[in-house]
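Subject: The structure I promised you

Hi,

Have a look at it first, then read my notes below.

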Amino acid sequence: MNETLVNQDELLKEFEEKIENEIKIEPRDWMPEEYRQHLIRQISQHAHSEVIGMQPEGNWISRAPSLRAKKILLAKIQDEGGHGLYLYSAAETLGVSRDQFIQWLHEGKAKYASVFNYPALNWADIGAIGWLVDGAAITNQVSLQRTSYGPYSRAMVRICKEESFHQRQGYEIMWKMMEGTKEQQQMAQDALNRWWWPALMMFGPHDSDSPHTSNAMKWKIKRESNDRLREKFINKTIPQAELIGLKVPDPALVKIGEDQYQHGDIDWTEFWEVIKGNGPCNQQRLEHHIKAHNNGSWVRECANEYHIKSNK
Ligand code: BYC
């Protein structure tokens with residue numbers, strides 16, 4: 001038998017044993033090309049989501065209702081930028097440069113979470129984003145802390161610590177509004193009505209329609225499926241809504257056990273349309289990112305120049 005083939009078989013066996021035994025795969029370890037490509041796609045999309053996700057909230061920094069609220073929102077958005085950096089760094093260990101990732105984003109070849117293509121219309125939306133969008137993200141990310149690729153897993157551990165604060169600040173905004181005037185209560189309910197379904201869509205299509213789940217579970221990149229995570233999120237969020245007097249906008253929702261719910265149909269046509277670029281804010285989000293990236297070119301040039309000079 002051909003010597004390289006034998007060697008490939010041995011390397012694959014070693015890789016599979018590591019996965020089986022919960023040993024992390026590290027950047028210099030041998031890995032199947034499909035595993036590497038899978039990670040490049042998922043981690044870079046995750047990084048793009050963090051950075052594009054700064055836009056709907058960034059829009060409200062200058063209009064926050066108090067200095068306290070402004071400081072909290074600023075810190076949260078800054079954290080999201082940091083999450084993007086951890087994730088781009090993790091993705092770069094797979095042999096693709098940051099410039100390439102950004103280029104794929106700008107060319108529309110890389111995705112980012114569909115939820116960020118919806119507008120943040122008023123202050124209650126900032127509450128709903130923190131509570132629901134960060135709440136959905138953390139449900140997924142807690143599970144991803146056990147992902148098989150070392151740099152991704154370590155980035156997730158750091159991100160989760162910050163994300164739980166984000167979820168709480170969003171819930172606090174909703175809670176305060178529910179203690180306020182009738183109008184404020186209506187704003188909070190309206191924000192929940194608009195963000196509930198896009199938040200459920202963050203977990204991706206049903207398992208039966210998810211082309212990547214099978215490999216992701218086999219290689220332990222994902223530790224729980226899209227539907228399982230969505231279920232977990234729903235089960236913990238509905239009691240939180242009820243506690244402050246909000247009603248989840250799902251007429252088909254059924255309680256099937258202690259903190260266990262079955263949800264109504266998700267509008268998958270809307271999901272795929274948003275992913276294809278036809279959501280309310282897709283064009284705006286991408287154009288803004290391109291503009292900000294181009295405006296920042298002088299910073300990158302200066303940093304490179306400094307780096308070259310300081311290494312001479
Ligand atoms: N949005 O086979 P599937 C944050 C795509 S930011 C867009 O199930 P997979 C925050 C999917 O990519 C944190 N696209 O895929 C920041 C695939 O298309 P491609 C956000 C989606 O990868 C600022 C196709 O549909 N979290 O917290 O097994 C402010 C088939 O899907 C979506 C992450 O990014 C979607 N929702 O599972 C506030 C989590 N869903 O790639 C908050 C990291 C599916 O073949 N990512 N697609 O062209 C993941 O965990 C997984 O990639 C997903 C999808 C669960 C999203």
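First, some housekeeping. This is a predicted model, so local features need pLDDT of at least 70 and side-chain atom pairs count only at pLDDT 80 or more, while totals for chains, interfaces and linings use all residues. Residues are numbered from 1 along each chain as its sequence is written, and side-chain values use heavy atoms, with hydrogens and water left out.

**The ligand**

How many residues surround the ligand? There are 35, and the closest are Lys111, Asn140, Ser210, His212 and Lys222. (A residue is near a molecule if one of its heavy atoms lies within 4 Å of it.) By type, this shell splits into 14 nonpolar, 12 polar and nine charged residues.

Helix 2 has the largest share, with six residues. Helices here are DSSP runs of H or I with at least four residues, strands are runs of E with at least two, and both are numbered from the N terminus.

Now zoom in on some atoms. In lysine 111, an N or O atom of the side chain is 2.4 Å from an oxygen atom of the ligand. Serine 210 has a polar side-chain atom 2.7 Å from a ligand oxygen. With methionine 201 the backbone takes part: one of its N or O atoms lies 3.2 Å from a nitrogen atom of the ligand. Overall, the protein covers 91% of the 1,000 Å² of accessible area that the ligand has on its own. (Those areas come from the Shrake-Rupley method with a 1.4 Å probe; for residues, only the protein chains shown count as cover.)

**Rings**

The whole structure holds 11 aromatic pairs. Two rings of Phe, Tyr or Trp (its six-membered ring) pair if their centres lie within 6.5 Å; planes under 30 degrees apart are stacked, over 60 edge-to-face, and the rest tilted. One of the pairs joins phenylalanine 203 and phenylalanine 233, and it is tilted, at 5.6 Å centre to centre with 45° between the planes. Phenylalanine 203 is in the loop between helix 8 (182–201) and helix 9 (213–218), and phenylalanine 233 is in helix 10 (residues 226–243), so the pair ties together parts that are 30 residues apart in sequence. Both phenylalanine 203 and phenylalanine 233 are buried. (Buried means under 20% relative accessible area, exposed over 50%, and partly exposed in between, with a 1.4 Å probe and protein chains only.) Elsewhere, Phe15, Trp30, Tyr35 and Trp219 make up one aromatic cluster.

Charges also sit over rings. Arginine 63 lies over the face of tryptophan 60, 3.9 Å from the ring centre, and the charged end of lysine 176 is over the ring of tryptophan 175, 5.7 Å from its centre. To count, NZ of Lys or CZ of Arg must be within 6 Å of the ring centre and within 35 degrees of the ring normal.

Is lysine 76 buried or exposed? Lysine 76 is buried, with a relative accessible area of 1%. You'll find lysine 76 in helix 4, and its side chain makes a polar contact of 2.9 Å with the side chain of aspartate 134. (A polar contact is a pair of N or O atoms within 3.5 Å; within protein, one must be able to donate a hydrogen and the other to accept it, and residues adjacent in sequence count only if both atoms are side-chain atoms.)

Serine 148, in the loop between helix 6 and helix 7, is buried too, at 6% relative accessibility. Its side chain has a polar contact of 2.9 Å with the side chain of tyrosine 35, and a polar atom of that serine 148 side chain lies 2.7 Å from the backbone oxygen of tryptophan 219.

Finally, lysine 220 has a positive phi of about 60° although it is not a glycine. Lysine 220 is in the loop between helix 9 and helix 10.

Cheers

Key
Ala, Val, Leu, Ile, Met, Phe, Trp, Tyr, Cys and Pro count as nonpolar, Asp, Glu, Lys and Arg as charged, and the others, Gly among them, as polar.
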